[in-house]
Amino acid sequence: MKALKYTLLTAVSLSAFVANAETLKDIKISGTNRIENETVLNYTGLKIGQNVSEADLDAATKTLFATGLFSNVDIKMNKGSASVKVEENPIVYEVFFEGNKALEDNVLKTEVQLKPRSVYTKAKLQKDADRLLAVYRRNGRFAATVDPKIIKKDQNRVDVIFEINEGGKAFVREIVFEGNTAFSEKVLEGKMMTQEKAWYRFLSNTDTYDADRFKYDQELIRRFYLENGYLDFNIIDSMAELTADKEGFILTLKLDEGERYRIEKQELKVTLPDYKNNLDLEDFLEQDDGDFIDITKVEKTVDALTDKLLNDGYAFVNVEPDIIPNRESHTAKVTYRVSEGEKVFIRRINIKGNSRTQDTVIRREFRIKEGDAYNANLLRRSKQNVSDLDYFSTVEMNTAPVPLNPSMADVEMSVAEKSTGAFNIGVGWSSYDGMMFETGIQERNILGTGKTAGLNLMLSQKETQYTVSLSDPYFLGYPLSAGIELYHTTRDNSDSSSYSYKTIGGTIHFGWNYTERLRQVVRYTLRQDDIDDVDSDASLSIKEQKGKTIVSMIGQDLIYDKRDSRLNPTTGYYTSFSSDLAGLGGDAKFFRIDGTAIKYFSVAEDVVFSLRADGGYIWGIGGEDLRINDRYFLGDRSLRGFEYGGVGARDKATDDALGGDWYTTVSAELTFPIGLPKEMGIKGKVFSDAGLIGKPDNYDSKTMEYSNKLRAAAGTGIEWSSPMGVINFDFSYAFAKEDYDKTRVFRLNFGKGF
């Protein structure tokens, strides 16, 4: 009986549907202006001859609304004829921002969907207003308001206006830590990117609240505790409270530090057939038994072991650290399990987010390619290489297995591009050069190709320099860097040697890497040197060199860099060896070699000791005398405590510095914090320099003074990593010198590192 009843109901429903449906004979579309009738018809999905029900008309109406092109849609059926009436949404004519000062129009325009010639909808307008509010909050302005408005124009167009009240910045007024006993609030805050408001942070935004940055800070704090042996550390709660005036935040972190663990024992459990004796791998352990466990050093051990085994031919090696804490003795056993991993190959490498930078610029930084065996260590290096390009604000890498194929994996890299162009301008003062002015423009990623171009001007009381440069890190698509530099320099040496000189020329260079650390550069230089403005009472040896000289020179640099950081090294070393040969044409004929070696030692946190040695030798070929501008001059930067050219041979009658054919210097320096906030970039230092310089090739004991005795000085100073570059303030005392040497107690210098 129930089945019969259900059949009857279904039959009635179908009859009703057929009764309500009509055969579509005609479709009339009205109200269109910019949009073609055929486009409207295609969106409806209605076709002549089909049976059309109320449900079909309702679906067509919803589809037309969903396009975002129409503000009103009305579809009716009458005796087989469908009438489709639409009202088109307006077109945006102009977008205006009013009341904004902190964020410029060109910044806000990139954040909104509504743009000139786009279709206007109320939903888009509200979304854009919400998006602008989010942008202001990200910039620390939580009191900002955005009032969106439109002004109707003719031809169904509108102007969109966002009236903005930016409000004040919501600074971080206080950072509170609860539950910390091992480290002070000052130490913990120093590990965070977010900082409390202070007058000296006017050049950064680290003291404004950013929710994403605060989350990252929590990871930094967690990492810091893990690096210091606190394996059970946990952040119980984190809060960001906006003050009543909406212009400040109080950040609170509740911590559970737990106990500190030492390493009880480290073990290597290796299942590889060629490594039954683990002694070959124990040298790669970064820590000793008894040390407080450091998660960073555990990761470095994993990387070192992986590198070693990769070089030994184990493409699928897997190194897994296993840390087992003993909570009674507060010790931990660390086991490194080394095994042959599953054979997995890279199917595809996908790159997203690079709207400007070309794919090849990113892919060439990968140390692994499609089809290669999967290697987590090489992928980490690839990510670091892409980050080191400094083209992107963020670089993320993820790996996903290929469905139904466990031996393959896809790698996806997501990047967020940032500005790579820069205009710089700076004013300074140097003890030797006097007042300095420098300005320049540089683009480090021309049209997304990775090429760099720059134009620079430097003016001082002693020197004027113009430089134009262009370089390509992958010349013709090969891992070969190439570049050219053109320059014009005028230098006034009247104070030290009674002459001035001009040089104009250029250098082309090519470079390549033998390994990640070892780099080779070869170069060719062609320049014209002009010694002029020689004082009437200058040394005879200088007067004899007045005039112009063409220098045609080939050279090379061999560099090995194993520092942990190029900007702020704390460990590792840097060495370079250079040689130049002049005489392939031109007037000058000489051979020159130079070398530098620097070793860094991390004494304590933010305390670094360094040892440095420099030396050089130049000699004329075929008895050719050396020009004074090609010789070495010792002092100022090369030997603190002495003036530029203050050490070495000197004319007895005129006191002119004459330079030397060789030199060597050694330096020891200790840098340390002086109690100021770390982000100010100000460090204290103590140092001692010593050096020797040889005689010039035209030395005459009757007219010149010279001593081969060691010169040395010691001193203290301040190093400031300012927005204009590194600035050094040095106070020195020369305790090993000759009577005729020129010393200098105070030195201020704008410097650049390697």
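This is a predicted model: local features need pLDDT of at least 70, side-chain atom pairs count only at pLDDT 80 or more; totals for chains, interfaces and linings use all residues.
Just after helix 3, Gly68 adopts a positive phi of about 75°.

Helix 3 covers residues 54-66, and its 13 residues should span 18 Å at 1.5 Å a residue. The C-alpha atoms at its ends are 18 Å apart, which agrees with that expectation. Which residues of helix 3 are buried? They are Leu57, Ala60, Thr61 and Leu64. Viewed down the axis of helix 3, these buried residues fall within an arc of 100°, so they line one face of the helix. An α-helix has 3.6 residues a turn, so residues three or four places apart point the same way.

The face of helix 3 turned away from the buried side carries exposed residues, namely Ala55, Lys62 and Ala66. On the buried side, the packing partners are helix 2 (37-44), strand 3 (51-52), strand 4 (70-78) and strand 5 (81-88).

The axes of helix 2 and helix 3 come within 8 Å and cross at roughly 125°. This angle makes helix 2 oblique to helix 3. In the contact, Val40, Tyr43 and Thr44 of helix 2 meet Ala60, Thr63 and Leu64 of helix 3. By class, the contact of helix 2 with helix 3 comprises 4 nonpolar residues, 2 polar residues and no charged residues. Ala60 and Leu64 also belong to the buried residues of helix 3.

### Helix 7 and helix 9

Arg223, Leu226 and Glu227 in helix 7 meet Ile295, Thr296 and Glu299 in helix 9. The residues of this contact divide into 2 nonpolar, 1 polar and 3 charged.

Most residues other than glycine have a negative phi. Asn156 has a positive phi, near 55°, and is a residue other than glycine. Asn156 lies in the loop between strand 7 (145-153) and strand 8 (157-165). Its relative accessible area of 31% makes Asn156 partly exposed.

Leu447 likewise has a positive phi, of about 50°, although it is not a glycine. Where does Leu447 lie? Leu447 is in the loop between strand 19 (434-443) and strand 20 (452-460). Is Leu447 buried or exposed? Leu447 is exposed, with a relative accessible area of 72%.

| Residue | Relative accessibility | Class |
|---|---|---|
| Gly450 | 2% | buried |
| Gly547 | 23% | partly exposed |
| Glu705 | 27% | partly exposed |

Gly450 counts as buried because its relative accessibility is 2%, where the cut-off for burial is under 20%. Neighbours up to four places away in sequence aside, Gly450 touches Val361, Arg364, Tyr391, Arg444, Asn445 and Pro473. Gly450 and Pro473 are 23 residues apart in sequence, and their C-alpha atoms are 7.1 Å apart in space.

Gly547 is found in strand 25 (residues 547-561). Which residues does Gly547 touch, not counting residues up to four places away in sequence? The contacts are with Asp529, Asp530, Ile531 and Arg627. For Ile531, which is 16 residues from Gly547 along the chain, the C-alpha separation from Gly547 is 5.3 Å.

Glu705 is found in strand 32 (residues 704-705). Leaving aside neighbours within four places in sequence, Glu705 is in contact with Gly648, Ala649, Arg650, Lys652 and Tyr740. Glu705 and Leu404 are 301 residues apart in sequence, and 84 Å separates their C-alpha atoms.

Key
Residues are numbered from 1 along each chain as its sequence is written. Side-chain values use heavy atoms; hydrogens and water are left out. Helices (H or I, at least four residues) and strands (E, at least two) are DSSP runs, numbered from the N terminus. The expected span of a helix is 1.5 Å times one less than its number of residues. Buried means under 20% relative accessible area, exposed over 50%, partly exposed in between (1.4 Å probe, protein chains only). The arc is that of the directions from the helix axis to the C-beta atoms. Contact means heavy atoms within 4.5 Å. Ala, Val, Leu, Ile, Met, Phe, Trp, Tyr, Cys and Pro count as nonpolar, Asp, Glu, Lys and Arg as charged, and the others, Gly among them, as polar. Axes are lines fitted to C-alpha atoms, for helices over the stretch in contact, and angles run from 0 to 180 degrees between N-to-C directions. Angles under 35 degrees count as roughly parallel, over 145 as roughly antiparallel, 65 to 115 as roughly perpendicular and the rest as oblique.
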